[in-house]
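Subject: Structure for your review

Dear colleague,

Please find below the sequence and structure that I am handing over to you. A summary of the findings follows.

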Amino acid sequence: MKVVFSELYKTHNPPFFHHVENSDRLEKALSSLHDVEIVEPSSPANPEEIHDRDYVELVRRFSAREEPLDQDTYTNKYTYEVARLALGGAMKAYQVQGIALVRPPGHHAGKYGRAMGAPTQGFCIFNNIAYVANKIREKIAIVDFDVHHGNGTQELFYSDPRVLHIDIHQDPTTLYPGTGFPFQVGEREGAGYKLNFVLPPGAGDDTIEELIPVVQSILDQFNPDVLAFSAGFDAFEGDGLASIRLSEFSFELLGSLGKGRKWFATLEGGYNVGIERGLPAFIRGLELNLTYPKPNVSDDSVMSRFMDELKQTKLYLNQFWRL
Ligand SMILES: [Zn+2]
């Protein structure tokens, strides 16, 4: 397994205070992995290929002064350059079929920073996966399984049918950024190419087990040239920022979606146990080295709510896909 990593990714750190999105995450990630080949990122990329010029300039200025972009999203003097190198890391992951262990994360960053009316940028500076999706011009499917909605990615490609974006996340009425409802399907030619699947708080692995064949079916119908994972591990039970209860079981299944496809992945969230246990399980799935761990089962009330909502979502999406 190839892992794109640079020591420079550890230099973006909160300047004056503690923050969950810090360089310890990469230490946790690296110590959880065995038998990986470390690959250096491609050179820093130009964020203006996906973000507005004024936003890029704002990041450069705030980074020089070590000022936060908002109450969630800090910068330090390295942030601007490191965020550009994270774009290069995602590109390298695409080139070598690997996982980009990059920071800062990207999926909440839209064209102008905050996306789809979100209150903050949720720790994200430049959108790593969107940079690659935009650059390659191939038909691409992005599966985002971070527990938060990938609102930046969705906004950037909202009217683009070349980019299929399937996002699985906790119910947005209960969690940042407050978007990612099943009826948000894209617009104009992009309508039907943005799919949001919602997990109720308390959801266990049995919800992901139900979703995998649905996602697989959509991927088969779309038939992408490349499958990209916005790989967040904060839906792991006890990771700390949300109320979803996934275990290794789900991350193995999600990784196995790469079977028979050209794929790459970029790191989004995941702060504690999710990084330590979810990330290696995801890699086992990608390598089809499945160990079939015991699933976390949802409470009956959670599962029945999930199944009701999934039924409604599928009915709605039937105007675009055979589900
Ligand atoms: Zn997240």
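I begin with helix 9, in which Val302, Met303, Phe306, Leu310, Thr313 and Leu317 are buried. These residues lie on the same side of helix 9, because they cover an arc of only 90 degrees around the axis. The other side of helix 9 carries exposed residues, namely Asp300, Ser301, Asp308, Lys311, Gln312 and Leu315. Please note that the model is a predicted one.

What do the buried residues of helix 9 pack against? Their partners are strand 6 (194-199) and helix 6 (205-222). Helix 9 itself runs over residues 300-317, which makes 18 residues. From its first C-alpha to its last, helix 9 reaches 25 Å, close to the 26 Å expected at 1.5 Å a residue.

The next topic is the nonpolar core. In soluble globular proteins, nonpolar side chains tend to be buried together. In this model, the largest nonpolar core holds 92 residues. Which of these residues touch the most other members? They are Phe197, Phe229 and Phe282. Helix 3, residues 79-96, gives the most to this core, with ten residues.

I turn now to the backbone. Most residues other than glycine have a negative phi, and most peptide bonds are trans.

Two cis peptide bonds may be described in turn. One joins Arg103 and Pro104, with omega at about -10 degrees. Pro104 belongs to the loop between strand 3 (99-100) and helix 4 (128-136). Another cis bond runs from Tyr176 to Pro177, and its omega is near 0 degrees. Pro177 is placed in the loop between strand 5 (163-170) and strand 6.

The loop between strand 5 and strand 6 also contains Arg188. Although Arg188 is not a glycine, its phi is positive, near 45 degrees. Is Arg188 buried or exposed? Arg188 counts as exposed because its relative accessibility is 61%, and the cut-off for exposed is over 50%.

Asn223, which is likewise not a glycine, has a positive phi of about 55 degrees. Asn223 is located in the loop between helix 6 and strand 7 (226-231). Helix 6 was mentioned above as one of the elements against which the buried residues of helix 9 pack.

Yours sincerely,

A colleague

Note on methods
Residues are numbered from 1 along each chain as its sequence is written. This is a predicted model: local features need pLDDT of at least 70, side-chain atom pairs count only at pLDDT 80 or more; totals for chains, interfaces and linings use all residues. Side-chain values use heavy atoms; hydrogens and water are left out. A nonpolar core is a set of buried Ala, Val, Leu, Ile, Met, Phe, Trp, Tyr and Cys residues joined through side-chain atoms within 4.5 Å. Buried means under 20% relative accessible area, exposed over 50%, partly exposed in between (1.4 Å probe, protein chains only). Helices (H or I, at least four residues) and strands (E, at least two) are DSSP runs, numbered from the N terminus. The expected span of a helix is 1.5 Å times one less than its number of residues. The arc is that of the directions from the helix axis to the C-beta atoms. Contact means heavy atoms within 4.5 Å.
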